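Hello,

Here is the structure I promised to pass on to you. Please have it open while you read my notes below.

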Amino acid sequence: MQTLIKFIQTEFTANEAKRFINHKGRRGMTALHVAGVHGHAGCLNVLLRNSADVASIDDRNRSIFHAVAYSGCVQSFNTIQSYVKKLVKPEHVKNLNNSP
C-alpha cells in the first residue's frame, strides 16, 4: 500500500492523486470503503493520511463507518473514529455524545 501511495504521489499532481485515491469503483465504493469492509486498519491509516474522503457515501448510502462496522474490526473503527474526531471541533463532539 505504501508503495502504491508513493507511486501516486510521484506520478500525479496533488489534485490527481486525491481523485485517484477517492475514485469510486464497484457499487460506488472507494479504497477507504474496501479497506474498511475488510478490516485493514493499516490501509485505512495510509489512505487517511493521503486525503481519502471520510465523507464519501457508496451507492447504497453507506459511509466508512458502515463499512468498518460490517467488518467487525474494532481497530479499524477506532482508526476512523480517531481521525474524524481530529476534524470535528470539541464542542460538536460534546453535542454528538448527548444525542439520542
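The protein chain has an average pLDDT of 82, with 82% of the residues scoring at least 70. Where pLDDT is low, the predicted coordinates should not be read in detail.

Now the core. The largest nonpolar core holds 13 residues, and Leu32, Leu44, Leu47, Val54, Ile64 and Ile80 have the most contacts inside it. Two or more residues come from each of H3, H4, H5 and H6. Beyond its neighbours within four places in sequence, leucine 32 touches Leu44, Leu47, Leu48, Ala52, Asp53, Val54 and Ile64.

Ile64 also leads us to helix H5 (residues 64–71), whose buried residues are Ile64, Ala67 and Val68. Viewed down the axis of H5, these fall within an arc of 90 degrees, so they line one face of the helix. Their cover includes helix H3 (31–37), helix H4 (41–49) and helix H6 (74–87). On the face turned away from the buried side, H5 carries the exposed residues Ala69 and Tyr70.

Serine 63 caps the N-terminal end, with a side-chain oxygen 3.2 Å from the backbone nitrogen of phenylalanine 65. Just after the helix, glycine 72 adopts a positive phi of about 75 degrees.

Best wishes

Terms used. Residues are numbered from 1 along each chain as its sequence is written. This is a predicted model: local features need pLDDT of at least 70, side-chain atom pairs count only at pLDDT 80 or more; totals for chains, interfaces and linings use all residues. Side-chain values use heavy atoms; hydrogens and water are left out. Buried means under 20% relative accessible area, exposed over 50%, partly exposed in between (1.4 Å probe, protein chains only). Helices (H or I, at least four residues) and strands (E, at least two) are DSSP runs, numbered from the N terminus. The arc is that of the directions from the helix axis to the C-beta atoms. Contact means heavy atoms within 4.5 Å. A polar contact is a pair of N or O atoms within 3.5 Å; within protein, one must be able to donate a hydrogen and the other to accept it, and residues adjacent in sequence count only if both atoms are side-chain atoms. pLDDT is the predictor's confidence in each residue, from 0 to 100. A nonpolar core is a set of buried Ala, Val, Leu, Ile, Met, Phe, Trp, Tyr and Cys residues joined through side-chain atoms within 4.5 Å.
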